[in-house]
Amino acid sequence: MEPERTADKPEAIARATISGKDAWYPENQRDGFILRQLVTKDFKLKYRRSALGVAWSVLNPLLMMIIMAAVFSRLMGRADDSIPNFPLYIIIGNTAFNLMSDSTSRGLMSIIEASSLLKKVKINRWVFPVQKVLFAVVNYAFSLIAVVLVMIFVQYAPSVYALYVIPGLFMLSVFCIGLSLFLSCAAVFFRDVIHLWSVFLTAWTYLTPMFYSIKILPEWLQTLESFNPMYLYLTYLRDALLFRVNPSLELTLGCAGFAVASLVIGYLVFRRHESKFILYI
Amino acid sequence: MGGQAKVFSERESVIVADDVTMIFNIASERFNSLKEYFIAFMRHELRFKEFRALKNISFEVKRGEAFGLVGTNGSGKSTMLKIIAGVLDASLGTCTVKGTIAPLIELGAGFDPELTARENIYLNGALLGYRKEFIDEHFNDIVDFAELWDFMDMPLKNYSSGMVARIAFAIATITEPDILIVDETLSVGDFLFQQKCERRINELIESDNVTVLLVSHSIDLVERMCDRAAWIEKGDLKMLGPCAEVCEAYKHYQK
């Protein structure tokens, strides 16, 4: 019995390799390739059949910036003398805020949109909301190129402090991932969330000092802003690119705290309910 | 398990359904808005009606077996399939599955109509869990099998459903999965391609490594290809045994 078995085994293994057992990633390594494919897909679809193609990734934020800078610098530019360059102030804030609003409003729909797939193939469900955030981060990276171009153009080239963008972007992305996980899950059970979220985003846009300086707000609202995660992330990125200072410890802890809290809550809620998704999509 | 299919009885089981029961909560599934939910909650109408889509189903499928699932519409076949595929958790009981599962994916699921066929093959392969290098190596084989060389750079939305089914089948069967799930997706292909698919499925069955799970309410295909079959009717496992016997009984039930 014994020798027969050992003689059998290598052959069985050899045949298995030919038949393509190495065709698959082990179950826990699949997500990387899936994420990459999905982000690539979104990116290709965004620029398919446009003459300028990927150039729009830089051009679009650039044009938006010029318009907003022109409008809002006139309206609010004189309110705060501590801001060295008001157009840049707007642009840095706006691009970062767009990262959040893009990723969450896409993430919100991600599970519902993947429904026919989720009914058939066993895939880690978190891949879909996370992928939407990664796609938004890729887009943000392109608009960052536009920001740098503008900075060079207005002769306010990025300094060494610009490196703080990396941890800042990381914390913001984690924050968005948590939010997207939570929202995608909530939207599955209550479609109202889809409509509510766009209203909420509009309110959030105006409540966050993006086009204006925090100094024009009444005092009580100024205090409240330190509990507005988006204001913290915007301040962090502005410290890095515009004010050229080290973000304060308090600010860094705030940014990190909101990121971790969002991720933990989002993940726990998602994990708790994901097995029931299929009944509602 | 009875004494059926002697050849397979000593092999390892790749699918073990053990007393699987699936309960859907009909009342709570209607709620799609907070308002409705809240009203029902206040009226204590939540968890109102239970619907048992599957009742105490137990069966085993061995490695290398071709196993058919038959039953009329709404009998619980697809629910069983979802539990086997691992996308739906059984309410009671367990379903254990060993190895890789390759389902046939239809248009709109793992395919994006705006992408070209070439791009879709990679996307679909990734979703099935294939390695990138593996798809690179076997890309030509996939296209050969699907016979769609002339259309590789055309967006999939210009394809007919039959052409998409060709690609789906080619991707799922380019290697030997442990379990191949064949469902109605295949029926949109033309007869030549269906014959080709049948030949390929037979090859896979004969390799003895691949378990084929065939789900259909059309009985002919199941009868031709399967060794054993289970007949699920209104959530009950009505019959389990050699394919010919089960199919015979199922046909009489229809009359």
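In chain A, helix α4 meets helix α8 through two sets of residues. A:F97, A:S101, A:S105 and A:L108 come from α4(A). Their partners in α8(A) are A:V193, A:I194, A:W197, A:S198, A:L201 and A:T205. This is a predicted model, in which local features need pLDDT of at least 70, side-chain atom pairs count only at pLDDT 80 or more, and totals for chains, interfaces and linings use all residues. Residues are numbered from 1 along each chain as its sequence is written, while chains are lettered from A and ligands numbered from 1 in the order in which they are written.

**The helix pair α4 and α8 of chain A**

- Meeting here means being in contact: the C-beta atoms of two residues, placed from the backbone, lie within 7 Å.
- Helix α4 covers residues 86-113 of chain A, and helix α8 covers residues 192-207.
- Helices (H or I, at least four residues) and strands (E, at least two) are DSSP runs, numbered from the N terminus.
- The axes of α4(A) and α8(A) come within 10 Å and cross at roughly 175 degrees.
- That crossing makes α4(A) roughly antiparallel to α8(A).
- Angles under 35 degrees count as roughly parallel, over 145 as roughly antiparallel, 65 to 115 as roughly perpendicular and the rest as oblique.
- Axes are lines fitted to C-alpha atoms, for helices over the stretch in contact, and angles run from 0 to 180 degrees between N-to-C directions.
- By class, the contact of α4(A) with α8(A) has six nonpolar, four polar and no charged residues.
- Ala, Val, Leu, Ile, Met, Phe, Trp, Tyr, Cys and Pro count as nonpolar, Asp, Glu, Lys and Arg as charged, and the others, Gly among them, as polar.

**Chain A as a whole**

- Chain A has 12 helices and zero strands.
- Its C-alpha trace spans about 90 × 40 × 40 Å along the principal axes.
- Of the 281 residues of chain A, 37% count as buried.
- A residue is buried if 20 or more other C-beta atoms lie within 10 Å of its own, exposed if 12 or fewer, and partly exposed in between; C-beta atoms are placed from the backbone.
- Take the contacts in chain A with a separation of 6 or more: residues 24 or more positions apart account for 79% of them.

**Where chain A touches chain B**

- 27 residues of chain A are in contact with 34 residues of chain B.
- On the chain A side, α2 (30-47), α5 (115-118) and α12 (277-280) are the elements that give two or more residues.
- The most come from α2(A), with seven residues.
- This side of chain A has 13 nonpolar, five polar and nine charged residues.

**Strands of chain B**

- Strand β1 (residues 13-25) and strand β2 (residues 50-62) of chain B run antiparallel, joined by nine bridges.
- Two strands pair if DSSP finds at least two bridges between them.
- Across from B:V20 stands B:I57 in β2(B).
- β1(B) is also joined to strand β4 (residues 92-97) of chain B by five bridges, and these two run antiparallel.
- There, B:V16 has B:T96 as its bridge partner.
- B:D19 is found in β1 of chain B.
- The phi of B:D19 is positive, about 55 degrees, although B:D19 is not a glycine.
- B:D19 is partly exposed, with 13 other C-beta atoms within 10 Å.

**The largest nonpolar core**

- This core has 151 residues.
- A nonpolar core is a set of buried Ala, Val, Leu, Ile, Met, Phe, Trp, Tyr and Cys residues joined through C-beta atoms within 7 Å.
- A:Y233, B:L180, B:V212, B:L213 and B:A229 touch the most other members.
- Helix α7 (residues 165-189) of chain A gives the most to the core, with 16 residues.
- Beyond its neighbours within four places in sequence, B:V212 is in contact with B:A66, B:F67, B:L180, B:V182, B:I201, B:L204 and B:I205.

**Two loop residues of chain B**

- B:L186 sits in the loop between β6 (179-182) and α8 (191-206) of chain B.
- B:L186 is buried, because 23 other C-beta atoms lie within 10 Å.
- Leaving aside neighbours within four places in sequence, B:L186 is in contact with B:L104, B:A165, B:F169, B:Q194 and B:C197.
- B:E147 is found in the loop between α6 (132-146) and α7 (161-172) of chain B.
- B:E147 counts as partly exposed, with 14 C-beta neighbours inside 10 Å.
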